[in-house]
Amino acid sequence: MTPVSATRRVPTYCYQCVAGPDLLTVKVQGGVATEVEPNFCAAAVHPGGGKVCVKAFGLIQKTYNPNRVLTPMKRTNPRKGRKEDPGFVPISWDEALTLIADKLNAIRATGLTDESGYPRVAASFGGGGTPQSYMGTFPAFLAAWGAVDFGFGSGQGVKCYHSEHLYGEYWHRAFIVSADTPLCNYLISCGSNIEASGGVVGIWRHSRARARGMKRVQVEPHLSVTGACSAQWVPLKPKTDAAFLFALIHVMLHEAPRSALDLDFLARRTGSPYLVGPNGCFLRDRISRKPLVWDEASASACPHDTPGIREALEGGYEVDAIEIGADGDVLAEGLLLGQTAFTRMVQHMASYTPEWAASVCDVPVATIRQVADEYLAEACVGQTIEIDGKTLPFRPVAVTLGKTVNNGWGGYECCWARTVLATLVGALEVPGGTIGTTVRLARPMSQRLESARPGADGFMHFALNPTDKEHWSARPNIRNAYRTLVPLASDGPWSQALGPTHFSWMFLDATPTGLPRVTFPDLWFVYRTNPAISFWETGALADKMARFPFVVAFAYTQDETNHFADVLLPDAVDLESLQLIRIGGTKYVEQFWDHQGFALRQPVVAPRGEARDFTEVATELAARTGLTEGYVRAINKGAGGVPLKGAHADFSLPTDRAPERDAVWDAICRAASSELSDGAEQHGLDWWKEHGLATRPFPRSDWYLYPTMVERGLRFELPYQERLARVGIELGRRLHENGMHWWDEQLKEYQALPACKDFAAPWVAALEKDGGCGESHPFWLITARSMQYAWGGNVGMQMIKEVADNIAGHRGVIMNGSVAAELGIADGDAIEISTPRARITGRAVLRQGIRPDTLLAIGQFGHWATPLAKDFGVPNMNALTTMRMELTDATGSGADLVRVKLQRLKEIA
Ligand SMILES: Nc1nc2c(c(=O)[nH]1)N[C@H]1C(S)=C(S)[C@@H](COP(=O)(O)OP(=O)(O)OC[C@H]3O[C@@H](n4cnc5c(=O)[nH]c(N)nc54)[C@H](O)[C@@H]3O)O[C@H]1N2
Ligand SMILES: Nc1nc2c(c(=O)[nH]1)N[C@H]1C(S)=C(S)[C@@H](COP(=O)(O)OP(=O)(O)OC[C@H]3O[C@@H](n4cnc5c(=O)[nH]c(N)nc54)[C@H](O)[C@@H]3O)O[C@H]1N2
Ligand code: SF4
Ligand SMILES: [Mo]
């Protein structure tokens, strides 16, 4: 037995937010976790020097939080409602698992899907896929189960980085887009609050880059911590970033000399030279049907992939061709006038002058020109750099987009403009430029370079959900209908959570024409997510949750979502449970490593109370539902993170019996070791417990997609979105053939060259629908990250609260000091913020660093059940936002934005 006084240091990982995983060591004294420390053994391989951020320092308190749920519980009050006390009473694990298994077995007996064709079991996991690094082998149980609806959202995706996820991955395998920070010299950051959201690695990389001289221009309505330590702050009006970015493109195309652009990159590595016909589609070779370009060498039209050609970047040419549109329709044939896609773009951008943009986004004309000129000057067009012995283009300029720029109306246009800005100077996927982190939709999953497979027309393959008559999905597989409505969401394991996940909630009471009636799931699993706080229109959402027939919540403390649960299961938390995950390579937010491998999260201390390791719960549920064989088979196939049968060895578990937790992870550890060492090593669980991690080198040249594109003879599908425009027409036809006209506004987003519109208008229109108007409700309410909080995941930690309260803005709603003075509001005064439908109250925090027309509510608070947090008195904008079709863009996302009225209160009632 370990003596009580013994001190140990136990290596583990933190993945509390999407900017991880990061590595730490926990000091354990006498069986009690007492301190979180950096993992200096990982310093040489971890891009954050083996350090963790403040949130990880909260893990000790998280473990010993007196408010934890430490036994299984069941509801005794059959009435569910916010005002109803659930009457949770402790029960044994056996009783809890019997309750759940009985439900599951009854569902299995009736059929996995219901009368509408939707899965009877639903499961929601929160924050950007991080729960997967805590739920052990639960995915294997779900795989063994069969159809599950993962599409009841909580805000991730649709109010997150949605357009970037879909378009970024489509264009350059960038589920998340990042600057190549270690080499970048000039960064335009539109609302990317990296100093709060980038995690320990992002912040470390940016601090070094700034010390080195990288100029960061922060474009956003309020001066975030990121703005505060940037070289320049550009306070633009909310939801007008597209205008700013379009004007930058205008300057580069219409004011700068062509020689400032990377003409070679544009001509050879993008679709810019493709000839566009009179109907807006590519002109194609009549026989091969390949898009044509004009070859300056032979002065003739040739298929884009003809060896030895010199593509004309600009101009119009009369060529013998065929123009093919949606559903394969022949639009024109014969001698046709084709203009290059680049020329089309130049014409398209002519009207988006800085003068025009200034009137939209409220950024001075001179600032727009200054930023455009600096970007061009810093782009180093023509320069190269040696990486891993390869000569690559060096383009140290990038544009990043933050959360609200990235989703909802305008998201497409901003993502397009950002990516076009990169292509203009050849800064896409090259050292110093704008690069992607990982893939989540393309296959093979998480293998970015490998996933860049040749597709149609010389571009990368991307498995869009089909829109042709034969294959379009008229009957959705899950309630949010992503396969029916969103071709770009694709159909991989992550796609359900990247569909319009608010529709699952919205359609419960009113399913639009053409879709099978949206039903309540018979059983809903919830883990590490709190939609009753994190999503939009949280009041109405909670009311719907109250109508779910059977909710099983894995619970840390009581919270606003598990308030509606029927059974609470206490899971062993971060420092109490076991799992091996992949680390390294490239991953969001700025996790770019020179190494890759695995890290173990291990029980640093014994679970408190009756908390149980997720793997044990999964194994038990599989046994009680007769699914052990399928469950173990799923683990063998890799549902635990590593396939057990690898190229060098087979550690597969026998499928005829329920495995012990440690046996599962021992096998996974051995398979990981073997994979990592090409069969040379087979370290088991004990080795990993001692060492915590193992890695091997990851070539830096693999941070960039450009070499793969060259190698495979591929072009980036920019600037002209011919394929998407065709897909949009096809989608419209399919919907209309089925009497569905409610998606027509969204269909307009499918444009080959996007137009810049008033993207804030739908939010004003929504307000008007509710009886308000722009004048009566003059403020935009927006939100921002807090470095100290991981969403609402760690609001229950007193130490985190203490740290955060020292950072401006955490005690209330930030507003402009001069406006406050006009309204007679002093710092700390009670205020009410309202829409015609709802109100929130809080304290005013006065700052100069915010636009007069903008209010900002940091984070997601407004808790009413979570212990400690429910006493913060800090409001949440989510109580004021609404869920609506009109606020949903074509990719199925919306934005954290709402138009409000503000008034002073005598006191908070
Ligand atoms: N106002 C506002 N709302 C937002 C955003 C915003 O910026 N502002 N951002 C949006 C975005 S981008 C996202 S991705 C979503 C994220 O929103 P969600 O995915 O819903 O995440 P959280 O609110 O962090 O919910 C985490 C829940 O898990 C519980 N929990 C924490 N640790 C454990 C544990 O160890 N075990 C168990 N069983 N439970 C645990 C916590 O108590 C909490 O209730 O929020 C969205 N909502
Ligand atoms: N510490 C911490 N880190 C996190 C998370 C966390 O909860 N905590 N969550 C992770 C997740 S899931 C996500 S999605 C990311 C989010 O990462 P970011 O997008 O970097 O985070 P936010 O601070 O929410 O972004 C809001 C910023 O955009 C600005 N903004 C609001 N509206 C507009 C607009 O219309 N235009 C412009 N230009 N700016 C605008 C705000 O002023 C604010 O500075 O963070 C990730 N990292
Ligand atoms: S950045 Fe995120 S994952 Fe990394 S230590 Fe902080 S909370 Fe943990
Ligand atoms: Mo997010």
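**A strand and its partners**

Mentor: Start with one residue: I833 stands opposite L902 in β32. This is a predicted model, in which local features need pLDDT of at least 70, side-chain atom pairs count only at pLDDT 80 or more, and totals for chains, interfaces and linings use all residues. Residues are numbered from 1 along each chain as its sequence is written, chains are lettered from A and ligands numbered from 1 in the order in which they are written, and side-chain values use heavy atoms, with hydrogens and water left out.

Trainee: Which residue of β30 is the bridge partner of I833?

Mentor: Two strands count as paired if DSSP finds at least two bridges between them. In β30, I833 has I840 as its bridge partner. Strand β29 (residues 830-834) pairs with β30 (residues 839-847) in the antiparallel sense over five bridges, and a hairpin of four residues joins β29 to β30. With β32 (residues 898-904), β29 forms an antiparallel pairing over four bridges. The strands are DSSP runs of E, at least two residues long, and helices are runs of H or I of at least four, numbered from the N terminus.

Trainee: Which residues lie on each side of β29, and are they buried or exposed?

Mentor: In a regular strand the side chains alternate between the two faces of the sheet. In β29, A830, E832 and S834 are on one side and I831 and I833 on the other, and all are buried. Buried means under 20% relative accessible area, exposed over 50%, and partly exposed in between, with a 1.4 Å probe and protein chains only.

Trainee: Where is A869, and what is it in contact with?

Mentor: A869 lies in the loop between β31 (854-858) and β32. Its relative accessible area is 3%, so A869 is buried. Contact means heavy atoms within 4.5 Å. Leaving aside neighbours within four places in sequence, A869 is in contact with V795 and H863.

Trainee: How many helices and strands does the chain have?

Mentor: The chain has 28 helices and 32 strands. Its radius of gyration is 27 Å, close to the 29 Å that the globule rule gives for 909 residues, so the chain is as compact as a globular protein of that length. The radius is taken over C-alpha atoms, and the rule is 2.2 Å times the number of residues to the power 0.38. Buried residues make up 64% of the 909.
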